[in-house]
Amino acid sequence: MGGHGEGVSLEFTPTWVVAGVCTIIVAISLAVERLLHHFGTVLKKKKQKPLFEALQKVKEELMLLGFISLFLTVTQGLISKICVKEDVLMHMLPCSKQEAELSKHKNVTTATTEHFQSFLPIVGTTRRLLAEHAAAEAGYCGLKDKTPLLSLEALHHLHIFIFVLAISHVTFCALTVVFGSTRIHQWKKWEDALADESYDPEAALQKKRVTHVHQHAFIKEHFLGIGKDSAFLGWTQSFFKQFYGSVTKADYVTLRLGFIMTHCKGNPKLNFHKYMMRALEDDFKHVVGISWYLWIFVVIFLLLNVNGWHTYFWIAFIPFILLLAVGTKLEHVISQLAHEVAEKHVAIEGELVVKPSDEHFWFSKPEFVLFLIHFILFQNAFEIAFFFWIWVTYGFDSCIMGQVRYIVPRLVIGVFIQVLCSYSTLPLYAIVSQMGSNYKKAIFEENVQVGLVGWAQKVKNKRANNGNEGSSKAGTSPSPPGAAPSAGAGFAGIQLNRLTRNNAGETKQNEITPAHDNH
């Protein structure tokens with residue numbers, strides 16, 4: 001009786017069962033929604049706008065998953081009734097034909113699968129229900145001497161995989177930022193020490209104290225001489241330095257001073273650590289989402305996951321190699337800043353100041369590094385999600401899982417990427433990404449950002465109105481000095497640092513003229 005009950009339709013299911021199950025599903029869904037809403041309210045109260053926007057991004061991903069789930073549920077009947085000749089489905093299989101035939105004649109599942117089904121009984125129940133539908137599909141297409149293009153069971157497994165992938169990506173991104181922020185928080189003691197010393201960069205430059213460049217701790221750590229040999233040694237040192245002491249106190253103090261002297265001389269007391277954390281939180285909202293090009297990568301992987309190609313093994317090396325390349329590049333940017341000073345000067349008056357520039361980054365775009373980190377985190381989450389999905393769905397001995405000698409390296413690489421990215425690459429990115437030609441909007445507090453955006457919008461509207469009024473006149477008077485950016489400039493055009501600098505790019509390291517900035 002119990003066995004036949006599994007096939008009973010909703011027409012013959014007791015109403016109390018339907019109402020009870022519906023209540024549980026709705027209650028759980030509302031609880032999750034309220035929890036996310038409460039979390040967002042807390043972030044708003046604490047004025048954590050970047051993290052709040054990241055949470056909104058997570059909600060968007062969940063909404064996308066819901067739409068995918070609804071679409072698959074509505075169309076699964078139509079898809080399963082698309083019939084093709086059996087020969088069409090004999091090419092590019094994840095498992096060989098012999099393994100497929102063997103799995104057909106198996107009457108029992110593997111011990112691993114049974115173990116998971118004991119904890120997840122819905123897996124076994126779903127399989128039995130899908131098996132009943134599969135028989136109906138086979139009968140429909142069998143009448144045409146064909147076979148279904150994609151079975152209901154395969155659609156269900158694909159549905160589960162997409163859900164696991166999205167949840168894994170969001171989870172691993174959050175863990176990376178949490179552990180990375182913990183590492184960055186350790187630098188706060190250096191910021192506090194500088195604040196306690198009442199250190200004034202402008203006053204330091206006015207001092208006639210001579211700094212011997214090659215004796216400076218920052219230069220000694222990164223400058224290895226001049227020539228081709230030193231270039232090779234520099235890249236080699238940058239490669240290995242990402243594994244130990246990726247950012248030292250000398251690095252932090254020097255890069256901080258370079259940022260302040262380049263972008264905000266008017267605010268020498270800037271809390272660089274706080275600004276850096278705000279910028280990192282701002283970048284996090286871009287990393288936590290799954291962009292369209294990442295979905296393209298998923299489709300390409302599913303296409304190339306052919307038996308004998310071991311795609312799942314070789315593809316694990318892509319994020320591994322990219323992560324090492326990104327870490328090496330970020331360390332090399334610091335070395336380049338040191339070389340620029342050490343190659344030009346032996347001794348200078350005042351403190352050693354490096355000059356940030358976009359030229360040190362790939363394609364002169366610091367944001368390209370963030371794109372690579374986004375791709376690395378997604379692909380690593382994809383690898384781990386794919387492994388556990390196969391393990392739970394088909395068992396450890398499944399032909400899709402592959403041989404143990406291919407599985408273990410994948411897991412080791414995945415854990416290595418997660419640890420290295422959290423404790424080295426992300427902290428490196430947080431500080432080195434500030435060494436570009438421009439600062440980020442996170443340099444302003446949130447209320448200042450809102451005020452500036454509002455001011456820029458008012459100026460934009462005013463200039464537009466003035467333009468309309470002046471169009472009927474013969475000519476218009478030129479804009480007064482220091483006028484706001486043009487209508488299309490927006491917030492990005494507000495370069496306040498240019499108002500506090502006078503041709504800083506033309507000032508040499510040893511030509512100290514601090515008085516000319518005091519207007």
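Modeller: The largest nonpolar core has 60 residues. Phe 259 and Ile 431 have the most contacts inside this core. Keep in mind that this is a predicted model.

Start with who contributes. The elements that give two or more residues to the core are helix 3 (49-80), helix 7 (152-185), helix 10 (217-222), helix 12 (249-263), helix 13 (272-287), helix 16 (317-342), helix 17 (367-394) and helix 18 (404-432). There is also a second, separate core of 30 residues. Among its members are Ala 166, Leu 294, Phe 386 and Ile 390.

Now take Ile 431. Setting aside residues up to four places away in sequence, Ile 431 touches Trp 187, Val 247, Tyr 252, Leu 255, Phe 272 and Met 276. Two of these partners, Phe 272 and Met 276, sit in helix 13 and also belong to the contact of that helix with helix 18.

That brings us to the helix pair itself. The axes of helix 13 and helix 18 come within 9 Å and cross at roughly 115°. Helix 13 is therefore roughly perpendicular to helix 18. The crossing of the two is right-handed. From helix 13, the contact uses Phe 272, Met 276, Leu 280 and Asp 283. From helix 18, the partners are Leu 426, Tyr 429, Ala 430 and Ile 431. By class, this contact of helix 13 with helix 18 has 7 nonpolar residues, 1 charged and no polar ones.

Helix 16 and helix 17 pack at an angle of about 150°, and their axes are 9 Å apart. An angle over 145 degrees counts as roughly antiparallel, so helix 16 and helix 17 are roughly antiparallel to each other. Helix 16 passes helix 17 in a left-handed crossing. On the helix 16 side, the contact is made by Ile 318, Pro 319, Leu 322, Leu 323, Val 326 and Leu 330. Helix 17 answers with Val 369, Leu 372, Ile 373, Phe 375, Ile 376 and Gln 379. The class count for helix 16 with helix 17 is 11 nonpolar, 1 polar and no charged residues.

Helix 16 also holds a residue worth checking by eye. Glu 331 lies in helix 16. Its relative accessibility is 0%, so Glu 331 counts as buried. Leaving aside neighbours within four places in sequence, Glu 331 is in contact with His 222, Ser 238, Lys 241, Gln 242, Ser 246 and Leu 428.

Two loop residues deserve a look as well. His 310 is not a glycine, yet has a positive phi of about 55°. His 310 is found in the loop between helix 14 (292-304) and helix 15 (311-314). With 18% relative accessibility, His 310 counts as buried, because buried means under 20%. Ser 364 is not a glycine either, and has a positive phi of about 55°. The loop between strand 4 (347-349) and helix 17 holds Ser 364. At 39% relative accessibility, Ser 364 counts as partly exposed.

Finally, the whole chain. The protein chain has 19 helices and 4 strands. Of its 519 residues, 40% are buried. Among contacts with a separation of 6 or more, 82% join residues 24 or more positions apart.

Notes. Residues numbered from 1 in each chain as written. Predicted model: local features only at pLDDT ≥ 70, side-chain atom pairs only at ≥ 80, totals over all residues. Heavy atoms only, no water. Core = buried A, V, L, I, M, F, W, Y, C linked by side-chain atoms within 4.5 Å. Buried < 20%, exposed > 50% of the residue type's maximum accessible area, 1.4 Å probe, protein only. Contact = heavy atoms within 4.5 Å. Axes fitted to C-alpha atoms, helices over the stretch in contact; angles between N-to-C directions. Parallel < 35°, antiparallel > 145°, perpendicular 65-115°, else oblique. Left-handed = near helix turned anticlockwise from the far one by under 90°. Nonpolar A, V, L, I, M, F, W, Y, C, P; charged D, E, K, R; others polar.
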